[in-house]
Amino acid sequence: MARLKQQKKRRKWVQTSVMLLTNAYIPGFFRGEIYQGKLKQICVPGLNCYSCPGALGACPMGVLQNSIADPYQQISFYVLGFLIMVGAVMGRFVCAWLCPFGLIQEWLHKIPVRKWKPERCLALHRNLTRMKFVILAVFVILLPWLGRMLNDYGAPAFCKYICPSGTLMAGWPLVAVNDSLRTLAGWLFSWKSLVLIVLLYLSTRIMRPFCRYLCPLGALYGLFNRISLYRVTVDWDLCTHCGACTRQCPMAVQVPEDGNTAECIRCGECQAVCPVDAIHCGFKPASRQKEGPLA
């Protein structure tokens with residue numbers, strides 16, 4: 001348990017530091033304005049809204065959607081290259097260590113209420129996990145592209161209709177301090193606020209519901225989990241199949257069988273609770289370690 005507490009503490013420090021560093025434009029929160037400096041041309045790895053008053057960088061999902069939707073530019077090879085590079089090196093490591101909205105969901109899950117475990121109904125859980133890939137395909141790629149083809153300029157559909165991180169970190173703070181934006185807020189802002197409120201409530205009951213079932217960035221990074229340099233490996237000569245790793249996993253991954261599934265966020269908790277040190281999370285697998293049978 002000491003190792004698990006140390007691992008959680010280390011990860012929280014990293015998550016909090018990244019959130020503060022990437023949202024360090026403090027005047028924006030008081031003035032109700034968005035930072036427009038040169039740093040905004042650089043993508044951050046996690047889901048961090050471009051329009052957040054404090055954001056110093058750009059969200060890769062937002063940049064990708066806008067480049068697909070804009071008929072006057074080619075699809076951004078910069079953001080595609082960035083996403084491929086991050087995915088190939090780390091996979092969903094970003095979700096556990098570098099994404100502000102993931103940290104917010106974990107904070108909310110600490111609220112002492114009765115917890116729900118959708119993975120107990122395995123078929124339901126697996127079907128729900130596919131939703132984030134549908135959102136990636138439809139709202140991030142298809143709808144912006146169709147708008148570009150039919151109306152000259154498509155809409156960044158995920159940002160516009162769904163993204164709870166954008167509503168929490170950009171929509172609510174801007175509307176709170178900007179009178180002109182407050183008068184313009186209509187049904188769309190109300191809809192996105194409802195989506196956010198539902199997800200915030202679910203986060204108190206379910207560990208990372210948005211990451212599990214809806215996040216298109218997590219879906220994209222998850223596609224790289226099986227080939228990324230950062231991996232989860234299990235020494236089957238040491239593994240006793242006690243199930244401690246699977247019970248601890250916040251994403252309900254069956255670690256020994258498939259530690260590199262698209263659902264694994266590389267939090268390292270499985271390694272921390274393994275009683276025989278059979279699990280390794282990192283770039284350099286230890287000697288004699290092997291992939292699970294499905295990895």
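His-241 is found in the loop between strand β1 (231–234) and helix α15 (244–248); helices (H or I, at least four residues) and strands (E, at least two) are DSSP runs, numbered from the N terminus. The model is a predicted one, in which local features need pLDDT of at least 70 and side-chain atom pairs count only at pLDDT 80 or more, while totals for chains, interfaces and linings use all residues. Residues are numbered from 1 along each chain as its sequence is written, and side-chain values use heavy atoms, with hydrogens and water left out.

Although His-241 is not a glycine, its phi is positive, at about 55°. With a relative accessible area of 46%, His-241 is partly exposed; buried means under 20% relative accessible area, exposed over 50%, and partly exposed in between (1.4 Å probe, protein chains only). A positive phi, of about 50°, also occurs at Arg-208, which is not a glycine. Arg-208 sits in the loop between α12 and α13 and is buried, with a relative accessible area of 0%.

The largest nonpolar core contains 63 residues. Such a core is a set of buried Ala, Val, Leu, Ile, Met, Phe, Trp, Tyr and Cys residues joined through side-chain atoms within 4.5 Å. Leu-47, Met-61, Leu-83, Phe-158, Phe-210 and Ile-279 have the most contacts inside this core. For Met-61, the contacts (heavy atoms within 4.5 Å) are with Leu-47, Leu-83, Val-140, Pro-216, Leu-217 and Leu-220, leaving aside neighbours within four places in sequence.

Helix α6 (residues 100–109) is mostly covered, eight of its ten residues being buried. These are Pro-100, Phe-101, Gly-102, Leu-103, Ile-104, Gln-105, Glu-106 and His-109. The cover over the buried residues of α6 includes α1 (2–22), α10 (164–177), α12 and α13 (209–213).

Nine salt bridges are found in a search of the whole structure, a salt bridge being a side-chain nitrogen of Lys or Arg within 4 Å of a carboxyl oxygen of Asp or Glu. Glu-106 is paired in this way with Lys-12, their closest N and O atoms lying 2.6 Å apart. This pair links distant parts of the chain, with Glu-106 in helix α6 and Lys-12 in helix α1, 94 residues apart. Glu-106 has a relative accessible area of 5% and is therefore buried.

A salt bridge also joins Glu-119 to Arg-212, with 2.8 Å between the closest N and O atoms. Here too distant parts of the chain are linked: Glu-119 lies in the loop between α6 and α7 (122–129) and Arg-212 in helix α13, 93 residues apart. Arg-212 counts as buried, at 4% relative accessibility. Salt bridges that share partners join Arg-11, Lys-12, Glu-106, Arg-208 and Glu-269 into one network. In the salt bridge between Glu-33 and Arg-31, the closest N and O atoms are 3.3 Å apart. Glu-33 is partly exposed at 31% relative accessibility, whereas Arg-31 is exposed at 54%.

Lys-192, in helix α12 (residues 187–205), is buried yet has no salt bridge. The nearest side chain of opposite charge, that of Asp-70, is 19 Å away; Lys and Arg count as positive and Asp and Glu as negative, while His and the chain ends are not counted. Residues touched by Lys-192, not counting those up to four places away in sequence, are Cys-159, Lys-160, Tyr-161, Ile-162, Cys-163 and Thr-167.
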